[in-house]
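The sequence and structure are shown first.

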Amino acid sequence: MSIRIFLSTTVLLLTTIQLSIAQLITTAAIPKVDYVVPSQYDLAIPQTDILSGYLGNRYQLNLEKRLLQVDEEGLLEGFHTRPGKQRWIGEHIGKYLEAAANTWLVTKDSRLKQQMDRMFHRLLETQGEDGYLGTYLPENRWTSWDVWVHKYDLFGLLAYYGAVGDPKALNAATQIGDLLYNTFGDTPGKKNILKSGSHVGMAATSVIDPMLDLYRWTGDKKYLDFCRYIIRAYDFEGGPAIVTSILKHKRVDKVANAKAYEMLSNIVGLVKMYRLTGDKDLLNVINYTFDDISANRLFVTGTSSDHERFQDDHYLLADTSAHMGEGCVTTTWLQFNTQLFSITGDLKYYNEIEKTIYNHLLGAENPQTGCVSYYTPLIGEKPYRCNITCCLSSVPRGIALIPYLNFGQLNHIPTILLYEPAQIKEKIKTSSQQTIPLELTLTSEFPRKGTATLQVNLPQSAQFPLQLRIPEWATNYTATVNGKTYKSEPNQLLKIVRQWKNNDKISISFDIRTEIVNGGKTYPGSFTLKRGPQIFALDQSLNPQVDFETAKLVYPEKAAIKLTEAQDKLPKNWVGTLAYSTDISTSDNKKQSILLVPYADASQTGGFSKVWIPTTGRQ
């Protein structure tokens, strides 16, 4: 045997062994504790879920332009050279590992795998024998943002463990959990966690979220007990009283100092506690939180916060000076609704997921550069930056969740939730309880057009249900299979049960509603356009003829709205193909042609953009 053949055979054998070990490790990474409250929607990623089209392109850009371009040394230097330069600098590696692990599960990108493996091992080199994995010197431990940093350590390590199955990740997370359990509590000799974090203690207590994940992975009840202690600590002297305040006032702006990110992080933890215990008081807190934010404190683009806090009812200032739409709040609001949709299967939560994804989440990351805006205004230039700060690490985490939300098992039925082009493979149960592989190919030009084709590929003919979500903005919805047409109303689920054959196709058609949205209490003399799930904006770089300082436009009656596709008017370097022109009268009764683009695409070239356009009234 030649040396070349021998080496090739050896490499192939070693590669096969490595793949086999990786497969064994991955399948072994299964939580030991299931939820008491049953899930209506399974958040597990399908075997294959490859998105293309509008969302797929932005998802890939998040990988190429953001995750693969992170400053590795910057993420790790606070651990390798303590103390860190910034009080919360240690959070970034955990946020990166979570986003990277969730993205690698979908893409299996070898570059990302090598990068996150390298950073994971370098992070573990800095963990102390007692489990400490922060960026503070010993004399300053458990002050300021130290617990917060360990919170994101846990998120990153557990996401990495769930994706790769490396027991070192779970061991490191367990050491952190043990350290926190042994350090904080309401028994003699332990510290008060409220005094170890900012914002009335909410920064530190938000560690409840990943600690409950650690309980699920390990089955160690002391982590659940620790989270019960945190809930008790809310009502300690000087505490945020999250549960009692929301039960009393049914308003999040009345909780502690109304800090949106930290509070929502705690409440996502309370959702998980409800799922694990069935505590009805927590369910009431969760429902009041959703109802209050969605009705009173949510921007039209699916985010919240003004100067990082929840403000009074319908107080929704949208310019750069308001520091609105903190990226961390956007991502946490997405996580909150994802948990609620998983519990209930209620489409009202999915409507919020869709709104956030298509608007404020994607709008916070520049598709040309991968740079992220900490605050993302609806009026003004989006302040994209490429450095490392809190929200610049959070937004990629939200984008990494998208493939978990376009398709899944809803009420144990495979369900298409978004109409973006996708290639999906999953194992399903037939009506006879036989498990078979299912491959779905969704072809569409959404969100440009309301048509799609769903091809069903099977190894053999089988009977089972397929489910299609009819969005709240879709009208005249029809789905046709082999000459049989099914119709449904907006905001419903259409279930098709039949004997499916290989290469069966569902032809889907719906109208994408365009509507005028007024500026509400904060912008009563302004309007914007909404087409399907997307809010549109006026970008000055695309409309040099419009005087943004003085222009007041007159919009037509709803029936007269006419949008004309105008992607040919976009500059060559523009990322995205959605653009529409429309004629609107100015205040001096002159016709003005304007070019509108989705808010998520606006300002990518540095242009001043507006969602809310001042108006003099109806035409």
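Which element gives the most to the lining of the second largest pocket? The strand β7 does, with four residues. The model is a predicted one.

## Second largest pocket

The space in the second largest pocket comes to about 350 Å³. Its lining is made up of 16 residues. Those that lie nearest the centre of the pocket are Asp42, Gln409, Glu426, Lys427 and Ile428.

Two strands, β5 (407–410) and β7 (422–429), each supply at least two residues of this lining. Sorted by class, the lining holds seven nonpolar, five polar and four charged residues.

## Packing of α7 and α10

Two packed helices are described by the angle between their axes and the distance between the axes. Helix α7 spans residues 167–183 and helix α10 spans residues 221–233. The two pack at an angle of about 45 degrees, and their axes are 10 Å apart. The crossing in which α7 passes α10 is left-handed.

## Residues at the helix contact

On the α7 side, the contact involves Thr174, Gly177, Asp178, Leu180 and Tyr181. These residues meet Lys222, Tyr223 and Phe226 of α10. By class, the contact of α7 with α10 consists of four nonpolar, two polar and two charged residues.

How values were computed
Residues are numbered from 1 along each chain as its sequence is written. This is a predicted model: local features need pLDDT of at least 70, side-chain atom pairs count only at pLDDT 80 or more; totals for chains, interfaces and linings use all residues. Side-chain values use heavy atoms; hydrogens and water are left out. On a 1 Å grid over the protein atoms alone, a cavity is a set of points where a 1.4 Å probe fits but cannot get out, and a pocket is an open set with protein on both sides within 12 Å along at least five of seven lines; lining residues have an atom within 4 Å of a point. Grid points are joined across faces, edges and corners, and a volume is the space filled by probe spheres set on the points. Ala, Val, Leu, Ile, Met, Phe, Trp, Tyr, Cys and Pro count as nonpolar, Asp, Glu, Lys and Arg as charged, and the others, Gly among them, as polar. Axes are lines fitted to C-alpha atoms, for helices over the stretch in contact, and angles run from 0 to 180 degrees between N-to-C directions. A crossing is left-handed if the near helix is turned anticlockwise from the far one by less than a right angle, and right-handed if clockwise. Contact means heavy atoms within 4.5 Å.
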